[in-house]
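Please open the model in a viewer and keep the selection tool at hand.

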Amino acid sequence: MSKPKIRFNGFTEDWEQRKLGEVCSRVQGNDGRMELPTLTISAGNGWMKQEDRFSGNIAGKEQKNYTLLHKGELSYNHGNSKLAKYGAVFSLQTYEEALVPRVYHSFKVIKGNADFVEYYFATKLPDRELGKLISSGARMDGLLNISYDEFMGIPLVFPSTAEQMRIAIYFRHFDYLITLHQRKCEQTKKLKKFMLQKMFPQNGKAVPEIRFNGFMEDWEQRKFGDLGSVSMCKRIFKEQTTSEGDIPFYKISTFGGEADAFISRALFEEYKEKFQYPEKGDMLISASGTIGRTVEYTGEEAYFQDSNIVWFKHDERVDNSFLKCIYSFVKWSGIEGSTIKRLYNDNFLKTKFYLPCVEEQKRIGMFFAQLDHLITLHQRKCDELQNMKKFMLQNMFV
(Lines give C-alpha, C1' and ligand atoms only; values in the text may rest on other atoms or scores of the structure.)
Protein backbone atom coordinates (compact mmCIF):
# COMPACT_ATOMS: atom_id res chain seq x y z
CA MET A 1 0.00 0.00 0.00
CA SER A 2 1.22 3.50 -0.88
CA LYS A 3 0.27 5.79 1.95
CA PRO A 4 2.38 8.32 3.87
CA LYS A 5 2.87 8.09 7.64
CA ILE A 6 1.30 11.52 8.22
CA ARG A 7 -1.54 13.00 6.19
CA PHE A 8 -4.39 15.48 6.55
CA ASN A 9 -7.79 14.37 7.83
CA GLY A 10 -10.19 13.27 5.15
CA PHE A 11 -7.63 11.64 2.86
CA THR A 12 -7.49 7.86 3.04
CA GLU A 13 -6.97 6.63 -0.54
CA ASP A 14 -3.74 4.97 -1.65
CA TRP A 15 -1.35 7.06 -3.66
CA GLU A 16 -0.96 5.96 -7.29
CA GLN A 17 2.28 5.42 -9.17
CA ARG A 18 2.69 7.37 -12.38
CA LYS A 19 5.54 8.40 -14.62
CA LEU A 20 6.35 12.09 -14.30
CA GLY A 21 5.65 12.56 -17.99
CA GLU A 22 2.06 11.40 -17.51
CA VAL A 23 1.25 14.47 -15.43
CA CYS A 24 3.66 17.02 -16.95
CA SER A 25 4.49 18.53 -20.33
CA ARG A 26 7.61 20.21 -21.64
CA VAL A 27 8.24 23.98 -21.66
CA GLN A 28 10.62 25.23 -24.38
CA GLY A 29 11.65 28.35 -26.28
CA ASN A 30 10.88 32.02 -25.73
CA ASP A 31 9.12 34.90 -27.47
CA GLY A 32 12.19 37.10 -28.00
CA ARG A 33 11.84 39.31 -24.92
CA MET A 34 15.36 39.47 -23.55
CA GLU A 35 14.63 42.12 -20.89
CA LEU A 36 12.97 39.59 -18.57
CA PRO A 37 14.78 38.51 -15.37
CA THR A 38 17.49 35.95 -16.11
CA LEU A 39 17.55 33.31 -13.42
CA THR A 40 19.59 30.35 -12.25
CA ILE A 41 18.88 27.55 -9.77
CA SER A 42 20.82 27.24 -6.52
CA ALA A 43 20.19 23.97 -4.67
CA GLY A 44 20.24 25.82 -1.36
CA ASN A 45 18.31 28.97 -2.33
CA GLY A 46 16.10 28.02 -5.27
CA TRP A 47 15.69 30.53 -8.07
CA MET A 48 18.15 33.43 -7.99
CA LYS A 49 18.87 36.25 -10.40
CA GLN A 50 22.14 35.60 -12.17
CA GLU A 51 23.31 39.09 -11.14
CA ASP A 52 22.87 38.16 -7.48
CA ARG A 53 24.58 34.79 -7.69
CA PHE A 54 27.38 35.53 -10.14
CA SER A 55 27.73 39.34 -9.79
CA GLY A 56 26.51 39.71 -13.35
CA ASN A 57 24.48 38.15 -16.14
CA ILE A 58 26.47 35.16 -17.43
CA ALA A 59 24.04 34.18 -20.18
CA GLY A 60 25.85 36.10 -22.91
CA LYS A 61 24.85 35.21 -26.48
CA GLU A 62 23.21 32.03 -25.22
CA GLN A 63 20.41 34.11 -23.64
CA LYS A 64 18.54 34.17 -26.96
CA ASN A 65 18.09 30.42 -26.53
CA TYR A 66 16.92 30.58 -22.93
CA THR A 67 13.56 29.13 -21.92
CA LEU A 68 10.64 31.42 -21.08
CA LEU A 69 9.23 30.15 -17.79
CA HIS A 70 5.91 31.34 -16.36
CA LYS A 71 4.94 31.48 -12.71
CA GLY A 72 4.10 28.00 -11.44
CA GLU A 73 6.17 26.22 -14.09
CA LEU A 74 9.20 24.19 -13.03
CA SER A 75 12.78 23.45 -14.03
CA TYR A 76 15.10 20.61 -13.19
CA ASN A 77 18.74 21.65 -12.87
CA HIS A 78 20.44 18.31 -13.50
CA GLY A 79 23.77 19.40 -12.09
CA ASN A 80 24.94 17.77 -8.89
CA SER A 81 26.13 19.58 -5.79
CA LYS A 82 26.76 18.86 -2.10
CA LEU A 83 23.14 19.73 -1.32
CA ALA A 84 21.62 18.00 -4.34
CA LYS A 85 23.57 14.98 -5.57
CA TYR A 86 21.06 14.29 -8.32
CA GLY A 87 20.02 17.85 -9.11
CA ALA A 88 17.21 20.07 -7.89
CA VAL A 89 13.67 21.00 -9.00
CA PHE A 90 12.04 24.35 -8.27
CA SER A 91 8.87 26.03 -9.47
CA LEU A 92 8.91 29.72 -10.38
CA GLN A 93 7.31 31.71 -7.55
CA THR A 94 8.76 35.20 -7.31
CA TYR A 95 8.27 36.32 -10.94
CA GLU A 96 5.39 36.15 -13.37
CA GLU A 97 7.85 35.39 -16.18
CA ALA A 98 11.58 34.79 -16.41
CA LEU A 99 14.28 33.42 -18.69
CA VAL A 100 16.07 30.28 -17.51
CA PRO A 101 18.93 28.26 -19.04
CA ARG A 102 17.94 26.01 -21.93
CA VAL A 103 19.99 23.15 -20.46
CA TYR A 104 17.50 22.90 -17.60
CA HIS A 105 14.64 20.45 -18.15
CA SER A 106 11.69 22.85 -17.89
CA PHE A 107 8.13 21.61 -17.60
CA LYS A 108 4.64 22.35 -16.32
CA VAL A 109 2.17 20.20 -14.41
CA ILE A 110 -1.01 19.51 -16.36
CA LYS A 111 -2.57 16.98 -13.97
CA GLY A 112 -1.97 17.95 -10.35
CA ASN A 113 -0.16 20.64 -8.42
CA ALA A 114 3.23 22.11 -9.40
CA ASP A 115 4.25 22.99 -5.84
CA PHE A 116 3.59 19.42 -4.75
CA VAL A 117 6.03 18.21 -7.41
CA GLU A 118 8.69 20.65 -6.19
CA TYR A 119 8.36 19.46 -2.60
CA TYR A 120 8.31 15.84 -3.75
CA PHE A 121 11.80 16.35 -5.19
CA ALA A 122 12.84 18.17 -2.01
CA THR A 123 12.23 14.92 -0.09
CA LYS A 124 15.04 13.27 -2.13
CA LEU A 125 12.73 10.26 -2.66
CA PRO A 126 13.10 10.51 -6.47
CA ASP A 127 16.90 10.33 -6.12
CA ARG A 128 16.85 6.54 -6.25
CA GLU A 129 15.26 6.63 -9.72
CA LEU A 130 17.49 9.49 -10.89
CA GLY A 131 20.56 7.59 -9.73
CA LYS A 132 19.63 4.67 -11.97
CA LEU A 133 19.84 6.94 -15.02
CA ILE A 134 23.44 8.00 -14.45
CA SER A 135 26.09 5.80 -16.04
CA SER A 136 29.28 5.74 -13.96
CA GLY A 137 28.91 9.40 -13.01
CA ALA A 138 29.19 10.46 -16.65
CA ARG A 139 28.50 14.12 -17.25
CA MET A 140 27.42 16.13 -20.23
CA ASP A 141 28.46 19.81 -20.42
CA GLY A 142 28.91 19.87 -16.64
CA LEU A 143 25.49 18.32 -16.01
CA LEU A 144 24.42 14.83 -15.04
CA ASN A 145 23.72 12.88 -18.22
CA ILE A 146 19.97 12.65 -17.70
CA SER A 147 17.95 13.52 -20.80
CA TYR A 148 14.54 15.16 -20.67
CA ASP A 149 12.80 11.98 -21.80
CA GLU A 150 14.62 9.92 -19.16
CA PHE A 151 13.70 12.47 -16.51
CA MET A 152 10.04 12.34 -17.52
CA GLY A 153 10.15 8.55 -17.38
CA ILE A 154 10.89 8.26 -13.65
CA PRO A 155 8.01 6.77 -11.60
CA LEU A 156 6.59 8.79 -8.72
CA VAL A 157 3.63 8.17 -6.41
CA PHE A 158 0.84 10.76 -6.43
CA PRO A 159 -2.24 11.34 -4.25
CA SER A 160 -5.38 13.09 -5.48
CA THR A 161 -5.02 16.67 -6.73
CA ALA A 162 -6.91 17.89 -3.65
CA GLU A 163 -4.41 16.23 -1.31
CA GLN A 164 -1.51 17.52 -3.40
CA MET A 165 -2.84 21.05 -2.93
CA ARG A 166 -3.19 20.65 0.84
CA ILE A 167 0.37 19.36 1.13
CA ALA A 168 1.75 22.11 -1.12
CA ILE A 169 0.00 24.89 0.82
CA TYR A 170 1.31 23.43 4.08
CA PHE A 171 4.93 23.48 2.93
CA ARG A 172 4.63 26.88 1.25
CA HIS A 173 3.57 28.20 4.67
CA PHE A 174 6.67 26.61 6.16
CA ASP A 175 8.84 28.36 3.58
CA TYR A 176 7.10 31.68 4.24
CA LEU A 177 7.83 31.45 7.97
CA ILE A 178 11.45 30.38 7.37
CA THR A 179 11.98 33.26 4.95
CA LEU A 180 10.35 35.68 7.39
CA HIS A 181 12.70 34.74 10.24
CA GLN A 182 15.71 34.69 7.92
CA ARG A 183 14.83 38.18 6.71
CA LYS A 184 14.34 39.49 10.26
CA CYS A 185 17.63 37.91 11.29
CA GLU A 186 19.49 39.57 8.40
CA GLN A 187 17.78 42.90 9.02
CA THR A 188 18.81 42.81 12.68
CA LYS A 189 22.39 41.93 11.70
CA LYS A 190 22.45 44.91 9.33
CA LEU A 191 21.04 47.16 12.04
CA LYS A 192 23.73 45.95 14.43
CA LYS A 193 26.48 46.63 11.88
CA PHE A 194 25.09 50.12 11.21
CA MET A 195 24.80 50.98 14.91
CA LEU A 196 28.33 49.72 15.62
CA GLN A 197 29.53 52.29 13.10
CA LYS A 198 27.39 55.07 14.55
CA MET A 199 27.62 54.43 18.30
CA PHE A 200 31.42 54.24 18.45
CA PRO A 201 33.82 57.07 17.53
CA GLN A 202 35.14 56.87 13.97
CA ASN A 203 38.04 58.47 12.10
CA GLY A 204 39.85 59.80 15.15
CA LYS A 205 36.82 61.56 16.62
CA ALA A 206 36.34 61.55 20.39
CA VAL A 207 32.53 61.10 20.33
CA PRO A 208 30.17 58.87 18.31
CA GLU A 209 27.44 60.15 15.97
CA ILE A 210 24.66 58.50 17.97
CA ARG A 211 24.50 58.47 21.77
CA PHE A 212 21.97 57.82 24.50
CA ASN A 213 20.49 60.91 26.12
CA GLY A 214 22.38 62.26 29.10
CA PHE A 215 25.91 61.44 27.92
CA MET A 216 27.99 64.35 26.61
CA GLU A 217 31.61 63.81 27.69
CA ASP A 218 34.34 62.93 25.22
CA TRP A 219 35.44 59.34 25.05
CA GLU A 220 39.04 58.69 26.09
CA GLN A 221 41.50 56.81 23.92
CA ARG A 222 43.07 53.94 25.81
CA LYS A 223 45.13 50.83 25.20
CA PHE A 224 43.96 47.48 26.51
CA GLY A 225 47.26 47.33 28.38
CA ASP A 226 46.31 50.49 30.32
CA LEU A 227 43.29 48.74 31.77
CA GLY A 228 44.29 45.15 32.43
CA SER A 229 46.13 42.07 31.22
CA VAL A 230 45.60 39.14 28.89
CA SER A 231 45.19 35.71 30.45
CA MET A 232 45.01 32.18 29.10
CA CYS A 233 44.87 28.63 30.36
CA LYS A 234 48.07 26.60 30.74
CA ARG A 235 48.92 24.57 27.66
CA ILE A 236 47.33 21.16 27.28
CA PHE A 237 49.15 18.68 25.05
CA LYS A 238 47.42 16.17 22.81
CA GLU A 239 48.58 13.19 24.84
CA GLN A 240 46.83 14.71 27.88
CA THR A 241 43.45 14.63 26.11
CA THR A 242 41.04 11.80 25.39
CA SER A 243 38.00 11.31 23.15
CA GLU A 244 35.89 10.78 26.27
CA GLY A 245 36.39 12.08 29.78
CA ASP A 246 35.31 14.33 32.62
CA ILE A 247 36.05 17.88 31.49
CA PRO A 248 35.40 19.27 27.97
CA PHE A 249 38.46 20.71 26.24
CA TYR A 250 37.92 23.39 23.58
CA LYS A 251 40.24 24.34 20.77
CA ILE A 252 39.98 27.48 18.66
CA SER A 253 37.74 25.73 16.15
CA THR A 254 35.28 24.38 18.71
CA PHE A 255 34.91 26.88 21.54
CA GLY A 256 31.34 28.04 21.73
CA GLY A 257 30.20 24.68 20.32
CA GLU A 258 30.92 20.99 20.83
CA ALA A 259 34.09 20.11 22.73
CA ASP A 260 37.10 18.98 20.69
CA ALA A 261 38.32 16.52 23.35
CA PHE A 262 38.33 15.91 27.10
CA ILE A 263 40.78 16.01 30.01
CA SER A 264 40.70 14.27 33.36
CA ARG A 265 39.17 15.92 36.41
CA ALA A 266 42.45 15.55 38.29
CA LEU A 267 44.35 17.52 35.65
CA PHE A 268 41.58 20.11 35.49
CA GLU A 269 41.58 20.69 39.25
CA GLU A 270 45.39 20.87 39.34
CA TYR A 271 45.68 23.44 36.52
CA LYS A 272 42.71 25.47 37.69
CA GLU A 273 44.30 25.80 41.11
CA LYS A 274 47.84 26.61 39.95
CA PHE A 275 47.31 28.69 36.82
CA GLN A 276 45.07 31.35 35.27
CA TYR A 277 41.44 30.41 34.71
CA PRO A 278 38.47 32.51 33.54
CA GLU A 279 35.77 33.67 35.90
CA LYS A 280 32.07 33.47 35.20
CA GLY A 281 31.14 36.36 32.89
CA ASP A 282 34.61 36.74 31.35
CA MET A 283 34.63 37.14 27.57
CA LEU A 284 36.72 34.44 25.90
CA ILE A 285 38.28 35.78 22.67
CA SER A 286 39.67 33.97 19.65
CA ALA A 287 43.24 35.14 19.04
CA SER A 288 43.84 32.96 15.98
CA GLY A 289 41.99 32.53 12.68
CA THR A 290 38.90 34.72 13.02
CA ILE A 291 40.28 37.31 15.43
CA GLY A 292 37.86 38.72 17.99
CA ARG A 293 35.19 36.01 17.99
CA THR A 294 33.79 35.99 21.52
CA VAL A 295 32.01 33.58 23.82
CA GLU A 296 30.94 34.54 27.34
CA TYR A 297 32.22 32.04 29.90
CA THR A 298 29.17 30.78 31.76
CA GLY A 299 31.05 29.14 34.62
CA GLU A 300 30.69 25.55 33.43
CA GLU A 301 33.56 23.17 34.00
CA ALA A 302 35.61 23.37 30.81
CA TYR A 303 39.17 23.99 29.70
CA PHE A 304 40.36 26.17 26.82
CA GLN A 305 43.31 25.96 24.47
CA ASP A 306 46.17 28.23 25.52
CA SER A 307 47.20 31.30 23.48
CA ASN A 308 44.49 30.76 20.84
CA ILE A 309 41.68 31.42 23.33
CA VAL A 310 42.37 34.27 25.73
CA TRP A 311 40.48 36.69 27.96
CA PHE A 312 41.06 40.22 29.21
CA LYS A 313 41.46 40.62 32.99
CA HIS A 314 40.42 44.12 33.97
CA ASP A 315 38.95 46.18 36.79
CA GLU A 316 35.63 48.03 37.16
CA ARG A 317 36.63 50.71 34.63
CA VAL A 318 35.51 48.42 31.79
CA ASP A 319 32.16 46.70 31.29
CA ASN A 320 32.22 43.22 29.71
CA SER A 321 29.17 43.78 27.52
CA PHE A 322 30.84 46.89 26.11
CA LEU A 323 34.05 44.92 25.54
CA LYS A 324 32.14 42.37 23.48
CA CYS A 325 31.09 45.17 21.12
CA ILE A 326 34.63 46.52 20.91
CA TYR A 327 36.07 43.11 20.09
CA SER A 328 33.79 42.73 17.07
CA PHE A 329 35.21 45.68 15.12
CA VAL A 330 38.34 47.09 16.81
CA LYS A 331 41.40 47.49 14.58
CA TRP A 332 43.80 45.12 16.27
CA SER A 333 47.43 46.17 16.46
CA GLY A 334 49.93 43.98 14.63
CA ILE A 335 47.96 40.92 13.56
CA GLU A 336 50.53 38.47 12.19
CA GLY A 337 50.43 35.51 9.83
CA SER A 338 49.48 35.12 6.17
CA THR A 339 47.35 31.99 6.01
CA ILE A 340 46.27 31.79 9.66
CA LYS A 341 46.03 35.16 11.39
CA ARG A 342 47.43 35.43 14.91
CA LEU A 343 47.00 38.10 17.59
CA TYR A 344 49.80 37.87 20.14
CA ASN A 345 49.32 39.11 23.69
CA ASP A 346 51.66 42.10 23.31
CA ASN A 347 49.75 43.28 20.25
CA PHE A 348 46.46 42.77 22.06
CA LEU A 349 47.64 45.04 24.88
CA LYS A 350 48.94 47.68 22.44
CA THR A 351 45.60 47.96 20.62
CA LYS A 352 43.92 51.35 21.08
CA PHE A 353 40.21 52.04 21.42
CA TYR A 354 37.92 54.78 22.74
CA LEU A 355 36.31 54.36 26.13
CA PRO A 356 33.34 56.29 27.61
CA CYS A 357 32.28 56.30 31.25
CA VAL A 358 31.12 53.01 32.73
CA GLU A 359 27.44 53.98 32.74
CA GLU A 360 27.51 54.74 29.00
CA GLN A 361 29.42 51.51 28.43
CA LYS A 362 26.65 49.57 30.16
CA ARG A 363 23.89 51.27 28.16
CA ILE A 364 25.70 50.53 24.91
CA GLY A 365 26.48 46.96 25.94
CA MET A 366 22.86 46.33 26.92
CA PHE A 367 21.60 47.72 23.60
CA PHE A 368 23.80 45.41 21.54
CA ALA A 369 23.07 42.48 23.84
CA GLN A 370 19.39 42.95 23.01
CA LEU A 371 20.18 42.97 19.29
CA ASP A 372 22.23 39.79 19.70
CA HIS A 373 19.32 38.22 21.56
CA LEU A 374 16.94 39.04 18.69
CA ILE A 375 19.39 37.62 16.15
CA THR A 376 19.68 34.42 18.17
CA LEU A 377 15.90 34.11 18.55
CA HIS A 378 15.24 34.47 14.82
CA GLN A 379 18.07 32.10 13.92
CA ARG A 380 16.87 29.53 16.44
CA LYS A 381 13.30 29.79 15.17
CA CYS A 382 14.55 29.45 11.61
CA ASP A 383 16.51 26.31 12.53
CA GLU A 384 13.51 24.82 14.34
CA LEU A 385 11.29 25.41 11.30
CA GLN A 386 13.90 23.92 8.98
CA ASN A 387 14.11 20.80 11.13
CA MET A 388 10.34 20.49 11.35
CA LYS A 389 10.01 20.92 7.59
CA LYS A 390 12.62 18.22 7.03
CA PHE A 391 10.76 15.85 9.36
CA MET A 392 7.42 16.47 7.66
CA LEU A 393 8.91 16.04 4.19
CA GLN A 394 10.14 12.62 5.33
CA ASN A 395 6.72 11.61 6.65
CA MET A 396 4.13 13.22 4.34
CA PHE A 397 5.36 11.68 1.09
CA VAL A 398 5.65 8.10 -0.16
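Predicted model: local features only at pLDDT ≥ 70, side-chain atom pairs only at ≥ 80, totals over all residues.

Which backbone oxygen lies 3.0 Å from a polar atom of the side chain of Arg7? It is the backbone oxygen of Glu13. Residues are numbered from 1 along each chain as its sequence is written, and side-chain values use heavy atoms, with hydrogens and water left out.

**Stop 1: Arg7**

Select Arg7, in the segment before β1 (16–19). Helices (H or I, at least four residues) and strands (E, at least two) are DSSP runs, numbered from the N terminus. Now display the surroundings: with residues up to four places away in sequence not counted, Arg7 touches Thr12, Glu13, Trp15 and Glu163. Contact here means heavy atoms within 4.5 Å.

**Stop 2: salt bridges**

Next, select Asp14 and Lys3, which form a salt bridge with the closest N and O atoms 3.7 Å apart. Both residues lie in the segment before β1, so the pair ties together parts that are 11 residues apart in sequence. A salt bridge is a side-chain nitrogen of Lys or Arg within 4 Å of a carboxyl oxygen of Asp or Glu, and the structure holds 26 of them. Asp14 counts as partly exposed at 37% relative accessibility, and Lys3 is likewise partly exposed at 37%. For these classes, buried means under 20% relative accessible area, exposed over 50%, and partly exposed in between (1.4 Å probe, protein chains only).

Move to Asp31 and Arg33, whose closest N and O atoms are 2.9 Å apart in a salt bridge. Asp31 is partly exposed at 46%, and Arg33 is partly exposed at 26%. Then select Asp315 and Arg317, where the side chains meet in a salt bridge of 3.0 Å, N to O. Asp315 is partly exposed at 29% relative accessibility, as is Arg317 at 35%. Salt bridges that share partners also join Asp115, Glu118, Arg172, Asp175 and Lys389 into one network.

**Stop 3: Asp115**

A polar contact of 2.9 Å joins its side chain to that of Gln93. Beyond four places in sequence, Asp115 touches Ser91, Gln93, Ala168 and Arg172. The C-alpha atom of Gln164, 49 residues away along the chain, is separated from that of Asp115 by 8.3 Å.

**Stop 4: the nonpolar cores**

In soluble globular proteins, nonpolar side chains tend to be buried together. A nonpolar core is a set of buried Ala, Val, Leu, Ile, Met, Phe, Trp, Tyr and Cys residues joined through side-chain atoms within 4.5 Å. The largest one has 39 residues, and those with the most contacts inside it are Leu20, Phe107, Phe121, Phe151, Phe171 and Phe397. Elements giving two or more residues to this core include α1 (20–23), β9 (105–109), α3 (114–122) and α11 (358–395). Its largest share, six residues, comes from α3. Apart from it lies another core of 32 residues, among them Met195, Phe215, Phe322 and Leu323.

**Stop 5**

Select Leu130 in helix α4 (residues 127–132); at 1% relative accessibility, Leu130 counts as buried. Leaving aside neighbours within four places in sequence, Leu130 is in contact with Tyr76, Tyr86, Phe121, Ile146, Phe151 and Ile154.

Finally, select Phe348 in helix α10 (residues 345–350). Phe348 counts as buried at 2% relative accessibility. With residues up to four places away in sequence not counted, Phe348 touches Phe224, Val230, Ile285, Phe312, Tyr327, Trp332 and Leu343. The C-alpha atoms of Phe348 and Ser333, 15 residues apart along the chain, are 6.6 Å from each other.

Note on methods. Polar contact = N/O pair within 3.5 Å; in protein donor to acceptor, adjacent residues only side chain to side chain.
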